[in-house]
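Please find below some notes on the model, written as numbered points. They are meant to be read beside the sequence and the coordinates.

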Amino acid sequence: MTDLWQFLREPFQFAFMQRALLATLMVSVVSACIGTFVVLKGLAFIGDALAHASFAGVAAAFVMGGNIYLGALIAALVTALAIALVGSRARVSFDTAIGILFVGAFALGILIISRQANYTVDLFSFVFGNVLGVGRDDLLLIALMGLVVLLMVALFYRQLLFTAYDPTMAAASGVPVGLVQYGLLAMLGVSTVVALKAVGIVLVVAMLVTPAATASLLVRRVHYIMALGAVVGAVSSVVGLYVSYYAEVASGAAIVLTATVLFLLAFLFSPRRGLVTALWTPVPGG
Amino acid sequence: MEEVAAPSLQLRVEAEEAPVQVRGVWAGYDSHVALEDVSFSLERGSLVGLVGPNGSGKSTILKVMLGLHRPWRGSVRLFGEGPAAGRRRVGYAPQSELVDWSFPVTVEDVVGMGRIGRLPGRAAVRASPWRRPDPEDRRIVGRCLERVRLGSLAKRPIGELSGGEQRRMLIARALAREPEILLLDEPMAGLDAASQHDVLHLFEGLRDEGKTLLVATHDLSCVAGCFNLALLLNRRLVAFGPPSQVFTRDNLNATYEAHLIFLPFEGAVYARHHGHD
């Protein structure tokens with residue numbers, strides 16, 4: 001018993017592990033809230049794109065010696081806006097607009113840092129994530145941006161829900177659908193930046209999508225999906241950090257893989273829609 | 001704006017009071033024309049069947065009336081106001097095929113959405129789309145659910161509804177706005193006889209309360225049997241009047257072109273869709 005306690009306690013005796021835990025928990029809550037809309041509206045590609053595009057901002061801020069989060073935030077928001085504009089005005093599909101813009105922004109990021117003599121670890125921690133390197137300032141920024149996102153979702157929950165469910169009807173009811181959709185994209189941009197340091201650009205989309213998708217297999221109302229998604233994300237974070245500590249593997253990848261395993265479990269054994277569950281449930285007659 | 005032939009005083013008074021006034025509307029998508037010079041007006045307490053084949057512009061005219069689709073020419077007046085202002089007095093139910101039935105919300109949630117947005121005849125606070133729901137909203141939602149006999153299914157996820165229940169839920173959401181005008185896009189498609197009877201009874205009740213209902217439907221016999229007026233649309237307005245007068249062979253031919261078979265029977269003409277239902 002004491003062995004188990006020791007096993008569980010040991011990693012979190014270190015300040016950097018405590019900070020990592022706090023950061024991933026906050027990321028889990030924020031990502032689940034926005035991720036629910038991402039899953040329901042099929043915005044995963046945009047989420048991924050915004051994360052990649054934020055690299056341009058990271059690189060620019062790095063070269064100019066500015067705040068890297070701020071750079072990432074600006075790049076993500078500009079890209080979100082550009083995607084919405086190009087997708088709605090130009091005669092290219094939304095998917096194509098996303099594909100063009102995010103790769104362009106990412107390439108710009110690479111271009112900028114390729115001028116630098118030394119690619120430091122700090123910069124690459126944004127690409128692959130380095131939650132163990134989260135400092136106090138990082139924590140504060142994650143908390144601040146996360147709060148903004150949560151506040152917006154709480155305030156405009158009904159409008160977001162109505163617009164996501166039935167944009168035509170929402171527009172007919174006088175809800176400013178365009179504004180709500182831009183707002184959601186902007187919040188998505190902020191959320192990807194919140195998750196950047198924890199799991200890195202490449203894995204951000206997993207934090208947005210996987211926990212919320214897992215929850216959507218288990219519960220059937222939007223706010224329950226958000227809540228359960230946050231729990232799934234939190235459990236993945238804790239388990240992932242233990243795995244990372246004891247197996248000495250990258251923490252971001254360990255967290256994401258844990259979430260993936262949880263998703264697969266829900267996919268197979270969800271009481272209502274599980275693949276395996278279905279085998280045991282008799283098909284309702286008629 | 002279309003110039004209308006010199007309006008008499010009589011006409012002008014009517015224009016201010018008519019719940020619905022559509023004048024010379026041309027509309028379409030890209031270069032495809034969906035509506036050609038459509039004009040009509042609807043009075044209070046009328047139950048109007050909007051009839052026409054697929055692609056005849058039924059959904060488009062409803063969207064133009066809601067201000068969701070901008071007409072190329074012509075105008076829409078709802079109680080004398082443009083669609084953007086007038087639609088707060090309108091309840092709209094889209095075709096149920098256009099609704100995402102896998103979305104994780106309950107029947108009550110969806111009907112409650114009918115309470116969001118600008119509502120008529122209340123204090124300014126109530127008019128805000130950002131207003132939070134209050135007990136009165138919940139009472140109205142409950143009442144609307146009872147009216148379409150979905151009271152017992154309020155907490156049900158929408159994905160578990162039958163086709164008939166889905167359509168009744170969309171009607172309840174339109175009713176939740178406490179509208180004076182109801183625009184319903186194929187609310188009776190796929191209903192069984194019992195639900196259809198219920199829904200028609202509801203429509204008649206609403207009409208008798210003085211509401212104006214414009215109901216897009218493929219069910220001609222229903223319109224002939226229960227509706228005051230029929231509006232035959234095939235991009236242009238083919239005919240508009242009491243069903244007994246406008247359901248003539250010529251009008252139906254002009255509306256449905258080659259898509260109908262006509263069966264003369266005991267002095268009446270019965271029409272049947274080709275490849276429909």
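**Notes on the two chains**

1. In strand S9 of chain B, the bridge partner of B:Leu231 is B:Phe240. Strand S8 (residues 229-234) of chain B is joined to S9(B) by five bridges, and the two strands run antiparallel. Strands are DSSP runs of E with at least two residues, helices are runs of H or I with at least four, both numbered from the N terminus, and two strands pair if DSSP finds at least two bridges between them.

2. As to the basis of these remarks, the model is predicted, so that local features need pLDDT of at least 70 and side-chain atom pairs count only at pLDDT 80 or more, while totals for chains, interfaces and linings use all residues. Residues are numbered from 1 along each chain as its sequence is written, and chains are lettered from A and ligands numbered from 1 in the order in which they are written.

3. The pair S8(B) and S9(B) belongs to an open sheet of six strands in chain B, ordered S5-S6-S7-S3-S8-S9, with mixed pairing. Its edge strands are S5 (90-93) and S9 (236-241) of chain B, each of which pairs on one side only. Neighbouring strands of this sheet are turned by 15 degrees against each other on average, direction ignored. Helix H7 (residues 163-175) of chain B packs on the sheet, where it touches S5 and strand S6 (181-185) of chain B, and its direction makes about 165 degrees with that of S5(B). Axes here are lines fitted to C-alpha atoms, for helices over the stretch in contact, and angles run from 0 to 180 degrees between N-to-C directions; residues are in contact if their C-beta atoms, placed from the backbone, lie within 7 Å.

4. Chain B also holds an open sheet of three strands in the order S2-S1-S4, with antiparallel pairing. Strand S2 (32-42) and strand S4 (73-78) of chain B are its edge strands, each pairing on one side only, and the twist averages 25 degrees from one strand to the next. Seven bridges join strand S1 (residues 20-29) of chain B to S2(B), the two running antiparallel, and B:Gly28 stands opposite B:Val33 in S2(B).

5. Helix H2 (residues 58-65) of chain B lies across S1, S2 and S4 of chain B, and runs at about 120 degrees to S1(B). H2(B) is mostly covered, with seven of its eight residues buried, among them B:Ile61, B:Leu62 and B:Val64. A residue is buried if 20 or more other C-beta atoms lie within 10 Å of its own, exposed if 12 or fewer, and partly exposed in between. After H2(B) comes B:Gly67, whose phi is positive, near 75 degrees.

6. B:Glu186 has a positive phi of about 50 degrees and lies in the loop between S6 and helix H8 (193-208) of chain B; with 21 C-beta neighbours inside 10 Å, B:Glu186 counts as buried.

7. In chain A, the axes of helix H12 (residues 222-247) and helix H13 (residues 251-269) come within 7 Å and cross at roughly 130 degrees. H12(A) and H13(A) are therefore oblique to each other, given that angles under 35 degrees count as roughly parallel, over 145 as roughly antiparallel, 65 to 115 as roughly perpendicular and the rest as oblique. Their crossing is right-handed, meaning that the near helix is turned clockwise from the far one by less than a right angle. The contact includes A:Val232 and A:Gly233 of H12(A) and A:Ala254 and A:Ile255 of H13(A).

8. Helix H4 (residues 68-89) and helix H10 (residues 177-199) of chain A pack at an angle of about 150 degrees, with their axes 9 Å apart, and are therefore roughly antiparallel to each other. H4(A) passes H10(A) in a right-handed crossing.

9. Between the chains, the contact takes 18 residues from chain B and 18 residues from chain A.

Key
Two residues are in contact if their C-beta atoms, placed from the backbone, lie within 7 Å.
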